Structure formats: structure tokens, C-alpha cells
Amino acid sequence: MTFSQTTKQEILKTIRHIRGCCATSFLTAVLKSIGSLTLGYKSFGFALESDNHEMLTFCKHLAEVNLGITAEIESSNLNVKGDAMYSCEFVGNIGEKLALVYRDDDGTMQINNNVDELLPKSDCCKRAFIQGLFVASGSVVIPLGTDDLAESETRGKYHLELRIANHQFAKAVQQLFSEWSFHTLERKNRTILYLKESEKIADFLVYMGAMSASLKLENVIIGRSLRNTANRQSNCISANIDKAIQASEKQLNAIATLRQKGLFDSLSDQLKEIALLREEFPEAGLEELANRLGISKSGANHRLNRLIQLSQQD
Ligand SMILES: [Zn+2]
């Protein structure tokens, strides 16, 4: 199963006991995002089509318990990806009960374009609403690779989105959930509300009740950041080694210059001592040289710098 699928499964499990206002809110979100109108004998009906059988069963259950409306779930054609698809047809005026449609003065059924009427009014329903939207028309992708190859291939791919067919509805949802600062883009006549910041996606999963999914994501975030730190540290160590080698070369050049100029023998014993040691151990670090001489690091550094100074004098 994909990460999206397990996340949806987890959300459905957390909300299996919702009822009343929240159940209505959940159904409204699902029907508004993926529902389609069907023409019945006397009225409009509503049908859902999805590869998520569990979600359809849950919607059927909610409609029966909370609205007294029955539904029938059947297998339908495979989708373009070859996944099994199911349809759920509601028997009864679920559209009117959820205010998705209304009867005008002539008694003709109209689609309710006043999206504000469809939005949840209280916090409990707000959560149920976004859970419905996500389970019906959302997806989430995280980089699951653990080795370095997968790391580079999936770099930065944290993405959670809600695909909404009605632009006006999408805007209203974005506004209602403004605390999440959804980004938007238009794709194939749909408005996509999406998050791409890993920490925000993790928080959003918690908000939707998908705790395990959020923990899994947190582990990926931590794993990646540890690897990044390790990379930075090893870069840092090699940079320090480079610096030490450069310093040593500079000191050796200075000593060679002093010898060429015939100044070596006139150096103080202290400077001669460290110059000879540097020549003997060109790869030694400052600390090692200091230890061999039984002096402090800063003392050793001072003497080596003095050699460089003297070599540069005319
Ligand atoms: Zn509620």
C-alpha cells in the first residue's frame, strides 16, 4: 500500500464513530469533492466513484445511520491505472439533506452554488470536513528511501494535496483552513490545494488523526536531517585537514627559504628545534608538534609563524 492509502485507512479508523453534525460534514465534503449527480425517477440522486472501497462503505454507513438514506455499492470498471473501482449510489434525496442541491420556486432541482452554506460551522465539524476531503480527493507523498541513492532521487518530495473540481469551493476551503496556508495551483480543470513543508504536513496529519502516518513522516524527516548533518560534519573534517596541510606546506616553504638564504643556522634554538621537527613530520598537526616539544599549541603556533615572518624579511 502507498503512504497515501495507509494514511487514509488510518483516518477512517479514527473517525469510525463520528455521528450527527460531524457525520454530515464528512459526507458533505466527500460528495462535494467526488460526488456526481444522477437523474432518478423523481429527483436527483448522488453517486460516488472511487477505488477506496473502505471509504465508500463508511459513507454508506454514515448516510444510513445519520440521514436514513440507503446506498448500494457495486464494482464498476477499472480505472486508467487498472485499479478496481467501485460506485456507491445513494437511494434518496441525500443532495437536499446536505444542501448540495435545492428546489427552486418552480420545484426544479438546482445545484447549490453558494459554497459558504456547505462549509462546516463548528471546530468538530471542520476536522470531519477536511478528513472527508482528504480521504476522497487527497494524497500525500513522502521520500521513503533510506540509502543515499534513493535520497538523491526523492529529494524534497514532501507533498500533500487536495484536488478540488470546483474553483470557488477550493477557494472557500483554502480560506476556512487559512491557518495551514495552503498553496494553490490549477491542474486539469481542478484547483489543487497543497502543502510541501515537511513539518507542516506532519502537523496536518496529526490534525486529521493520522498519528502513525505522522510519526512515520517524522522519522523520515529526522533520518534525512541526521544524514545531512553527518555529510556536513565529514565535509567539515576534510576542510580542516586541507587547512592543516596548507599550513604545513607554508611552514616548510619558509624553512626551505631560510636555509637557502643561509639564515637557518642563525635562528634561535627554539625556532631551529621546531623547524627540524616540522621537516621530520610534515603531516603532523599543530597539536602533535606541540606535544613533541612539550609546549602549548599557541606556543608552537607562535614559533611557526615567526619562521614564516623571518623567511619573508629581506
Ligand atoms: Zn460536528
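**Ground rules.** I number residues from 1 along each chain as its sequence is written. Because the model is predicted, I take local features at pLDDT of at least 70 and side-chain atom pairs at pLDDT 80 or more, while totals for chains, interfaces and linings use all residues.

**Whole chain.** I counted secondary structure and got twelve helices and ten strands in the protein chain. Helices (H or I, at least four residues) and strands (E, at least two) are DSSP runs, numbered from the N terminus. Next I looked up the radius of gyration, taken over C-alpha atoms. The value is 35 Å, well over the 20 Å that the globule rule gives for 314 residues, so the chain is more spread out than a compact globule. That rule is 2.2 Å times the number of residues to the power 0.38. The C-alpha atoms fill a box of roughly 115 × 35 × 35 Å along the principal axes.

**Domains.** The chain is divided into domain 1 (3-226) and domain 2 (233-309); such bounds come from an automatic or database domain assignment. I found 69 Å between the two domain centres, taken over C-alpha atoms.

**Sheet.** I traced an open sheet of four strands, in the order β1-β2-β4-β3, with antiparallel pairing. Two strands pair if DSSP finds at least two bridges between them. β1 (35-39) and β3 stand at the edges with a single partner strand each, so one side of each has no neighbour in the sheet. On average, neighbouring strands here are turned by 30 degrees against each other, direction ignored. For angles, axes are lines fitted to C-alpha atoms (for helices over the stretch in contact), and the values run from 0 to 180 degrees between N-to-C directions.

Going across, I noted five bridges between β1 and β2, with Leu37 partnered by Phe46 in β2. Helix α2 (residues 20-34) packs on the sheet, touching β1 and β2, and its direction makes about 85 degrees with that of β2. Strand β2 (residues 44-50) and strand β4 (residues 85-91) also share five bridges; there, Leu48 has Cys88 as its bridge partner. β4 and strand β3 (residues 70-76) are joined by seven bridges, and Ser76 stands opposite Met85.

**Cores.** Buried residues make up 29% of the 314 in the chain. Buried means 20 or more other C-beta atoms within 10 Å of the residue's own, with C-beta atoms placed from the backbone. A nonpolar core is a set of buried Ala, Val, Leu, Ile, Met, Phe, Trp, Tyr and Cys residues joined through C-beta atoms within 7 Å. The largest one has 55 residues, and Phe26, Leu27, Val30, Cys59 and Ile201 have the most contacts inside it. Another core lies apart from it, with ten residues, including Ala254 and Leu304.

I then checked contacts (C-beta atoms, placed from the backbone, within 7 Å). Leaving aside neighbours within four places in sequence, Phe26 contacts Ile18, Leu62, Ala128, Phe129, Gln131 and Gly132.

**Pro120.** Where does Pro120 lie? I found this proline in the loop between β6 (109-111) and α5 (123-137). Is Pro120 buried or exposed? Pro120 counts as buried because there are 21 C-beta neighbours inside 10 Å. Not counting residues up to four places away in sequence, Pro120 touches Ser25, Cys125, Lys126 and Phe129. Ser25 is 95 residues away along the chain, yet its C-alpha atom is separated from that of Pro120 by 6.2 Å.

Methods:
Contact = placed C-beta atoms within 7 Å. Buried ≥ 20, exposed ≤ 12 C-beta atoms within 10 Å, placed from the backbone.
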